[in-house]
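Could you walk me through this structure in the viewer, one selection after another? I would like to know what to click on next and what is there when I do.

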There are 2 protein chains.
Amino acid sequence: MNSEEFRKAAHSAVDEIIDYFDTVQDRRVVSNVEPGYLRKLLPPAPPVEGEKWEDIQKDIEAKIMPGLTHWQSPNFMAFYPANTTYPSMLGELYSAAFTAPAFNWLCSPAVTELETIVLDWLAHILHLPDCFLSEGKGGGVIQGSASEAIVTVMVAARERYLNQACEGLEGKEREEKMNCTRGRLIALGSEQSHSSTAKAALIAGVRYKSIPTRMEDGLALTGDGLRMALDEYARDGLEPFYLTTTLGTTGTCATDQFYEIAETLRKAHVSTRIWVHVDAVYAGAALVLDEYQHIADQFAAFDSFNINMHKWLLTNFDASCLYVRTRADLTSALSITPSYLRNPFSDSGLVTDYRDWQIPLGRRFRALKIWFVLRSYGVNGLKAHIRKHIVMGEKFAAWVRERDDLWEIVTPPAFALTVITIALPARSKGTLPDGMTEPRVTDGVATSNTLPSTSEENRDRTNALTKKIYESINAAGEIFLTSSVVKGIYSIRIVSANEKADEAHLRRAFEILVDTAEMVISESKAEI
Amino acid sequence: MNSEEFRKAAHSAVDEIIDYFDTVQDRRVVSNVEPGYLRKLLPPAPPVEGEKWEDIQKDIEAKIMPGLTHWQSPNFMAFYPANTTYPSMLGELYSAAFTAPAFNWLCSPAVTELETIVLDWLAHILHLPDCFLSEGKGGGVIQGSASEAIVTVMVAARERYLNQACEGLEGKEREEKMNCTRGRLIALGSEQSHSSTAKAALIAGVRYKSIPTRMEDGLALTGDGLRMALDEYARDGLEPFYLTTTLGTTGTCATDQFYEIAETLRKAHVSTRIWVHVDAVYAGAALVLDEYQHIADQFAAFDSFNINMHKWLLTNFDASCLYVRTRADLTSALSITPSYLRNPFSDSGLVTDYRDWQIPLGRRFRALKIWFVLRSYGVNGLKAHIRKHIVMGEKFAAWVRERDDLWEIVTPPAFALTVITIALPARSKGTLPDGMTEPRVTDGVATSNTLPSTSEENRDRTNALTKKIYESINAAGEIFLTSSVVKGIYSIRIVSANEKADEAHLRRAFEILVDTAEMVISESKAEI
């Protein structure tokens, strides 16, 4: 493909992408191909002679498109959003053109320097504490994903802990102490933490323990919960070295009690031993809004913070922004510098070599797309985007409450996510069960349980109904939702946080939920 | 940025990228900015209101371009190539448009299915043994980088080994055996292996040992070398569980003795215990040529194979293709499936969930660019590309040999890479030193030492001269090279494997080498 062929091909590709975005809401949002569909459509081997772009491009609509689930559709309300935008795509295009496995500064200085700058910019607009800025001892780095970021900080935490534990020891004695300590290490998260913490523990070769949460705490990890867990691990001879806390859990967007957690660790004299990571991959985007920024002040007590711009901040996957308070913790755990990677700039310490902040050696020029997005939208554009979805989420919850004959809210709207289930029969509603208190407001975000209890039998029935409704809606394919089991309650998660999504799309989703529920309930009564 | 603004912006970006590629050879190949240059050019925070694309785009040439090292320039002959091409860029653009953190099949079936298909295609054209194809028990997966691939297989190897070692044990007994074994584990590579194996060991929490190589073996890991190392580790009570072997080492593009290695492991009865990985990230591309394909037959004895299409196979970073013989080794080590990631397709085992084949959860649609590249070039296009550079490398070595008054070949051309140093004074050339034998041909690839020896004093002097020549050439900036220290010999690596590079560029590089050498030698004589 020569220059003129590329110009023609690229213009045609851009036209196709624009058409796609202009019409994506008319496509079935979740793919309904059968497993193995594509193998039947493609030859068993690549062509011997090269093909023309026109022939290749035709296959995108014909063969790829039926197998896509359209995360950019305003009818996609599943998982969490994975936004892409035009400025972000331009960044990806330039990044592909300037390709370089930029493993050190000299490999392409702009790749490193722009990354440091845009991560400082992002830290400013999220109001992260100064300790996470590059001008001090900390700084930010772009990782491929939140799960990769967690492996990275967990390895740094493990090495920091082991080195502290073996301080002053040498030779055989050090080795024995090291092995013995390693066998007792445990990484922690709350039971609402994303599974990536458990997986990271597996990779790092340590055990994982999850700390229980309670509905009456809004499924947040609390200071008391952590303290009880630490006491139990101490009795069992285990040594916690790492903890994932979460701003916006995957299931219900719960927010852990950061202040209480920091206080508990301080009182237990382990705040310099246990590495605390803040997983804010989705909900962290809300920190662009003034009314949420007080939350970020609490992170000064912690070691690392992670937000995925590729979720709610208009940047295509991957753009996982990891901040650490002490970058030396990363580099001393991960640095290995062979001769062919040495150069005077790196040796002098004048420049950042991000390869020592991450698992892979090479890295793409991902800062470009972040730069384009931050500049195209401006801070006010980002605020407007986030606020719109939070307001929409609250409206959705209000519609649900108006139909409390049919639906119940399992967890109230938090960061645009509402979690609902089919309402229990009126006769089983009543007073709050033992141990359940009034809704609790966490950092300005209501995350508590407002759900009345009932007999297990009724719950089994509503769970089955909710599951059936959920499956019917996804099978129909006009909207795409995710389910979750919250403390035994089969629930449907609705989160509309896509740039193209407005109130009309969410209202339509609510209508689908109501209509499907009425249909399924009516069918179920007919069966009895 | 609305659709029409994007159309205009994207067309303008495409024009700029084409201009860049058409003129890249006229730019200084390695950036000469000072550390911190970009901070001075950019504001301390992002704009409050969004900016227009015209204003953003201007900054690419003005502020980013001076800080780029141009890996796409035909004057880039450093490290190994990192090719990008127009079809690959189109793939990246569509991938950004169809963005989805496609962590399971249902998230976007085409992402998974196209990946399986193009990796089978690639395995076919590299003539990999059938065990690495998806139709059996193995298969391929796209990783972000070779270093990430090595961490992935090393973790799988560690878990496989520990489970074998603790088979039949339960509870406390199993735990103790596990901890005890874990403390004795060692991951292995030859001393010529890429540093990513040492780093992976660090991440996996195990020790790393490197096995010596010899100049007379062409710096290859041999069966004898491995056997001696295994004997030594056994005496020290260590347990090797993983070995990286290499097709094309970073320093000199040496090729390990795969057949001998497999035989040694078989005779030592450890071939099912020690996971053998083949790192073919750069040189693996040569397996597209008929004359190299017999090498691939030997890999049937090993557990995993990795090639980076983003090096020599015309695909922009990242496209690291990892193949495993037994995919269950990966999934049983890395699978963690919480409820919100479950769906009937995955549960039934009908589909591949690549999240269990890798460290991160989310993944980009990287198969698109591989698909576009394989179809645009065709198998014959890829062969022509690779063969051209191998032939050019041989010509380069011939030019060097013609000037043996000035230059010596440290390692002869292998996969387009030649490694040279300043020739020793004529009086010190002579017979081969003790223990050094005639060149040895490995799998059709001459990788041996042809270097005459001399006194240490002369070597110190030629090392100093070579270093000065190398630094002068890179400071001048017309071409960009990398140095390497090979068994005490300061060497310059020249590898021209860029799509735009032809014989004229390499000839010019040779002239620069000769001219600079003559200048530096003449200056050094003047100083005496």
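## First stop: a loop in chain B

Start by selecting Cys253(B), which sits in the loop between β4 (239-246) and α9 (258-267) of chain B. Keep in mind as you go that this is a predicted model.

## Two cis peptide bonds

Stay in chain B and move to Asp318(B), in the loop between α11 (309-312) and β7 (320-324) of chain B. The peptide bond that leads from Phe317(B) into Asp318(B) is cis, with omega near 10°.

Now switch to chain A and pick Asp318(A), which lies in the loop between α11 (309-312) and β7 (320-324) of chain A. Here the bond from Phe317(A) to Asp318(A) is cis, and omega is near 15°.

## The seven-stranded sheet of chain A

While you are in chain A, color its strands. An open sheet is made of 7 strands in the order β1-β7-β6-β5-β4-β2-β3 (chain A), with mixed pairing. Which strands stand at the edges? They are β1 (139-143) and β3 (207-211) of chain A; each has a single partner strand, so one side of each is left without a neighbour in the sheet. On average, neighbouring strands of this sheet are turned by 20° against each other, direction ignored.

Zoom in on β5 (residues 275-279) of chain A, which runs parallel to β6(A) and is joined to it by 3 bridges. For a pair to click on, take Asp279(A): opposite it in β6(A) stands Asn306(A). Then show helix α9 (residues 258-267) of chain A, which packs on the sheet and touches β4 (239-246) and β5 of chain A. The direction of α9 makes about 165° with that of β4(A).

## A salt bridge within chain A

Side chains of opposite charge can pair when their charged atoms come close. To see a case, display the side chains of Asp303(A) and Arg160(A), which meet in a salt bridge at 3.1 Å, N to O. This pair links distant parts of the chain, 143 residues apart: Asp303(A) is in the loop between α10 (293-297) and β6 (304-308) of chain A, and Arg160(A) is in helix α5 (residues 146-165) of chain A. Over all chains, a search of the whole structure finds 72 salt bridges.

## Where the two chains meet

Next, show both chains together. In contact are 138 residues of chain B and 138 residues of chain A. Between them the two chains bury about 12,100 Å², with 68% of it on carbon and sulfur atoms.

How many salt bridges cross the interface of chain B and chain A? The rule finds 10. One to select joins Arg375(B) and Asp59(A), whose closest N and O atoms are 2.8 Å apart. The count of residue pairs in polar contact between chain B and chain A is 58.

Highlight helix α1 (residues 3-23) of chain B as well: with 15 residues, it gives the most to the side of chain B that touches chain A. By class, that side of chain B has 78 nonpolar, 35 polar and 25 charged residues.

Select β9 (residues 417-422) and β13 (residues 489-495) of chain B, which run antiparallel and are joined by 4 bridges. Leu417(B) has Val495(B) as its bridge partner in β13(B).

Notes: Residues are numbered from 1 along each chain as its sequence is written. Chains are lettered from A and ligands numbered from 1 in the order in which they are written. This is a predicted model: local features need pLDDT of at least 70, side-chain atom pairs count only at pLDDT 80 or more; totals for chains, interfaces and linings use all residues. Side-chain values use heavy atoms; hydrogens and water are left out. Two strands pair if DSSP finds at least two bridges between them. Contact means heavy atoms within 4.5 Å. Buried area is the accessible area (1.4 Å probe) that two parts lose on being put together, summed over both. A salt bridge is a side-chain nitrogen of Lys or Arg within 4 Å of a carboxyl oxygen of Asp or Glu. A polar contact is a pair of N or O atoms within 3.5 Å; within protein, one must be able to donate a hydrogen and the other to accept it, and residues adjacent in sequence count only if both atoms are side-chain atoms. Ala, Val, Leu, Ile, Met, Phe, Trp, Tyr, Cys and Pro count as nonpolar, Asp, Glu, Lys and Arg as charged, and the others, Gly among them, as polar. Axes are lines fitted to C-alpha atoms, for helices over the stretch in contact, and angles run from 0 to 180 degrees between N-to-C directions.
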